[in-house]
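User: I am new to this structure. Please walk me through its features, one at a time.

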Amino acid sequence: MPIYEYKCTSCGGVSSFFVQGFREPEDLCCQACGGKDLKRVISRVNYHQSQSDRLSSYDPRTRKSGDFYRDSRNIGLHAEHMLQKAGVKPTDEFKSKIENLRSDPSRVIKDSDK
Ligand SMILES: [Zn+2]
């Protein structure tokens with residue numbers, strides 16, 4: 001059963017609810033203040049980020065969870081971030097390398113075996 005998060009429009013608190021099926025539950029109320037006006041928030045887990053969103057929200061100072069490193073789409077994000085910060089446009093070679101790594105992370109291991 002999926003868990004959805006709802007944000008309360010009166011207190012801003014976020015409540016999580018199990019939701020059955022695709023129908024929005026009707027009688028939800030805020031777990032903090034009891035308010036009835038809740039707006040669904042797209043949780044970080046379900047939200048499908050575009051690669052450029054991913055890059056712009058990347059912050060090297062934050063601690064990364066294990067999930068961050070398990071997600072192959074985050075490979076090379078730090079390098080991309082550093083280039084962007086330095087105002088350097090990534091070369092096509094760089095981009096295709098990263099693209100290869102993201103689509104097939106095991107290739108790194110194969111390549112370094114040579
Ligand atoms: Zn509330």
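This is a predicted model: local features need pLDDT of at least 70, side-chain atom pairs count only at pLDDT 80 or more; totals for chains, interfaces and linings use all residues.

**Reading the model**

Analyst: Start with the sheet: 3 strands form an open sheet in the order 2-1-3, with antiparallel pairing. Strands pair if DSSP finds at least two bridges between them. The edge strands are strand 2 and strand 3, and each pairs on one side only. From one strand to the next, the twist averages 40°. Residues are numbered from 1 along each chain as its sequence is written, and side-chain values use heavy atoms, with hydrogens and water left out.

User: How many helices and strands are there in the protein chain?

Analyst: First, the rule. Helices (H or I, at least four residues) and strands (E, at least two) are DSSP runs, numbered from the N terminus. Here the protein chain has 5 helices and 3 strands. From the N terminus on, they run β-β-β-α-α-α-α-α.

User: How do strand 1 and strand 2 pair?

Analyst: They are antiparallel, over 5 bridges. Phe-18 in strand 2 is the bridge partner of Ile-3. Tyr-4 has Phe-17 of strand 2 as its bridge partner. The two strands form a hairpin with 5 residues between them. In the turn, Gly-12 has a positive phi of about 80°.

User: Which side chains along strand 2 are buried?

Analyst: Buried means under 20% relative accessible area, exposed means over 50%, and partly exposed lies in between (1.4 Å probe, protein chains only). Along strand 2 the side chains alternate. Ser-15 and Phe-17 point to one face and are buried. Of the 114 residues of the protein chain, 20% count as buried.

User: Which residues coordinate the zinc ion?

Analyst: Look for donors: N, O and S atoms within 2.8 Å of the metal (3.2 Å for Na, K and Ca). Water is not among the atoms, so sites may look incomplete. Here Cys-8, Cys-11, Cys-30 and Cys-33 coordinate the zinc ion, each through SG, at 2.2 to 2.4 Å. In sequence these donor residues are spaced C-x2-C-x18-C-x2-C. Cys-8 lies in strand 1 (residues 3-8), and Cys-33 in the loop between strand 2 (14-18) and strand 3 (38-41), so the pair ties together parts that are 25 residues apart in sequence. Cys-8 is buried at 3% relative accessibility. Cys-33 is partly exposed, at 43%.

User: What is the geometry of the site of the zinc ion?

Analyst: Four donors count as tetrahedral if all angles lie between 85 and 135 degrees. Ideal angles are 109.5 degrees for four tetrahedral donors. The 4 donor atoms of the zinc ion make angles of 104 to 115°, and the site is tetrahedral.

User: How many aromatic pairs does the structure hold?

Analyst: Rings of Phe, Tyr and Trp (its six-membered ring) pair if their centres lie within 6.5 Å. Planes under 30 degrees apart count as stacked, over 60 as edge-to-face, and the rest as tilted. This structure holds 3 aromatic pairs. One is Tyr-6 with Phe-17: their ring centres are 5.7 Å apart and their planes at 65°, so the pair is edge-to-face. This pair links distant parts of the chain, with Tyr-6 in strand 1 and Phe-17 in strand 2, 11 residues apart. Both Tyr-6 and Phe-17 are buried.

User: Is the pair of Tyr-58 and Phe-68 stacked or edge-to-face?

Analyst: The ring centres of Tyr-58 and Phe-68 are 6.1 Å apart and the planes are at 25°, so the pair is stacked. Tyr-58 sits in the loop between helix 1 and helix 2 (66-70), and Phe-68 in helix 2, 10 residues apart. Tyr-58 and Phe-68 are both buried. Together with Tyr-69, they form one aromatic cluster.

User: Where does the charged end of Arg-40 sit?

Analyst: A charge sits over a ring if NZ of Lys or CZ of Arg is within 6 Å of the ring centre and within 35 degrees of the ring normal. The charged end of Arg-40 sits over the ring of Tyr-4, 3.7 Å from its centre. Lys-64 has its charged end over the ring of Phe-68, 5.5 Å from the centre.

Technical notes: Four donors count as tetrahedral if all angles lie between 85 and 135 degrees; four count as square planar and six as octahedral if opposite donors are over 155 degrees apart and all others between 65 and 115; anything else is irregular. Axes are lines fitted to C-alpha atoms, for helices over the stretch in contact, and angles run from 0 to 180 degrees between N-to-C directions.
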